[in-house]
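Reader: I'd like to go through this model with you and ask how each label was reached. Could you show it to me?

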Amino acid sequence: MKLIDSHIHLDFEAFNIDREKLIAEADSAGIKRFVIPATTRESWLRIYQLSEQYPSLSVAYGIHPYFIQKHTLEDCEALDNWIRSHPCVAIGEIGLDYFLKEIDPQQQMNLFTTQLNIAKKHNLPVILHARKAIDEVTHQLKLAGITRGIVHSFNGSYVQAERLIEMGFKLGFGGALTYPRATRLQALVKQLPLESICLETDAPDQAASRFAGRRNEPLALIEVLETVASLRETPAEIIAQQTTENAYSVFNFC
Ligand SMILES: [Zn+2]
């Protein structure tokens with residue numbers, strides 16, 4: 001079995017004490033590749049260094065909407081330059097978060113659309129964060145002419161999912177799915193074409209039920225896989241194989 005964690009923040013400080021052990025542990029469980037999306041400009045160098053150190057890490061560079069207040073359009077220019085000398089598999093994590101009221105929506109939009117244009121220019125896929133903003137994100141993807149990427153931690157409706165899939169996007173599902181109360185999300189995962197699903201942990205955030213209340217870890221991906229398999233009444237090996245293929249179809253892994 002060969003699995004890909006399509007969204008994990010392995011660069012976060014929470015993993016400084018045991019990153020190496022966790023990567024080895026995940027590898028033994030079949031998790032062979034990790035996609036690390038950046039969150040701030042400050043994180044790019046660190047992520048680059050980690051990718052040099054661990055060959056199973058693939059990286060994306062970008063500015064996350066949470067941290068938009070610390071950034072300006074000048075940082076987007078820096079992104080455009082950075083990716084010329086630091087190969088990556090995508091632009092991310094970028095997007096819109098209308099749940100957090102204190103983050104200026106106009107500033108979010110400026111940095112999001114500028115980063116979409118950078119992705120387009122470099123022919124790179126995007127890793128998207130869309131909270132209370134799926135329709136707006138979808139609209140901007142259309143305007144920018146982007147046709148490849150993952151909407152991470154997808155939590156929208158079937159109709160919203162269908163629209164994104166038609167445009168060429170995959171949807172990422174993680175720990176949230178593993179809780180019995182997540183009935184709406186589980187119904188969605190049951191219904192979607194398997195070709196549109198990618199697995200992720202978003203560790204150290206969004207703990208799967210086995211890590212509830214604690215730091216989420218790479219091994220949570222196995223619980224996500226097993227949840228998808230049981231919801232769809234399909235062997236885990238088949239889910240693993242198809243979701244790995246899906247991730248390969250999105251990212252420029254080398
Ligand atoms: Zn994330």
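Predicted model: local features only at pLDDT ≥ 70, side-chain atom pairs only at ≥ 80, totals over all residues.

Reader: Why is the pair of Tyr-48 and Trp-82 called edge-to-face?

Author: The ring centres of Tyr-48 and Trp-82 are 6.5 Å apart and the planes stand at 85°. The label needs centres within 6.5 Å and planes over 60 degrees apart, so the pair is edge-to-face.

Reader: What makes this pair a tie between parts of the chain?

Author: Tyr-48 belongs to helix 2 (residues 43-53), while Trp-82 sits in helix 3 (residues 73-85), so the pair ties together parts that are 34 residues apart in sequence.

Reader: Are Tyr-48 and Trp-82 buried or exposed?

Author: They fall in two classes. Tyr-48 has 24% relative accessibility and so counts as partly exposed, the class between 20% and 50%. Trp-82 has 17% and therefore counts as buried, since buried means under 20%.

Reader: Let's turn to the metal. Which residues are the protein donors of the zinc ion?

Author: They are His-7 (NE2), His-9 (NE2), Glu-93 (OE) and Asp-202 (OD), at 2.1 to 2.7 Å from the zinc ion; the cut-off for a donor here is within 2.8 Å. Along the chain, the donors have the spacing H-x1-H-x83-E-x108-D. His-7 lies in the loop between strand 1 (3-5) and helix 1 (19-28), and Glu-93 in strand 4 (residues 90-97), so the pair ties together parts 86 residues apart in sequence. Both His-7 and Glu-93 are buried.

Reader: Why is the site of the zinc ion called irregular?

Author: The angles among the four donor atoms run from 84 to 171°. A tetrahedral site would need all angles between 85 and 135 degrees, and the site of the zinc ion is classed as irregular.

Reader: What joins the side chains of His-129 and Glu-93?

Author: A polar contact of 3.2 Å, where the limit is within 3.5 Å. His-129 lies in strand 5 (residues 126-131) and, at 8% relative accessibility, counts as buried.

Reader: How many disulfides does the search find, and why is Cys-76 not bonded?

Author: Zero disulfides are found in the whole structure. The closest cysteine sulfur to that of Cys-76 is in Cys-88, 14 Å away, too far for a bond; a disulfide needs sulfur atoms within 2.5 Å. For Cys-198 the closest is again in Cys-88, at 17 Å, also too far. Cys-76 is buried, with a relative accessible area of 1%, and Cys-198 counts as buried at 1%.

Terms used:
Residues numbered from 1 in each chain as written. Heavy atoms only, no water. Phe/Tyr/Trp six-rings, centres within 6.5 Å; stacked < 30°, edge-to-face > 60°. Helix = DSSP H or I, 4+ residues; strand = E, 2+ residues; numbered from the N terminus. Buried < 20%, exposed > 50% of the residue type's maximum accessible area, 1.4 Å probe, protein only. Donors = N, O, S within 2.8 Å, 3.2 Å for Na, K, Ca; no water. Tetrahedral: all angles 85-135°; square planar, octahedral: opposite > 155°, others 65-115°. Polar contact = N/O pair within 3.5 Å; in protein donor to acceptor, adjacent residues only side chain to side chain.
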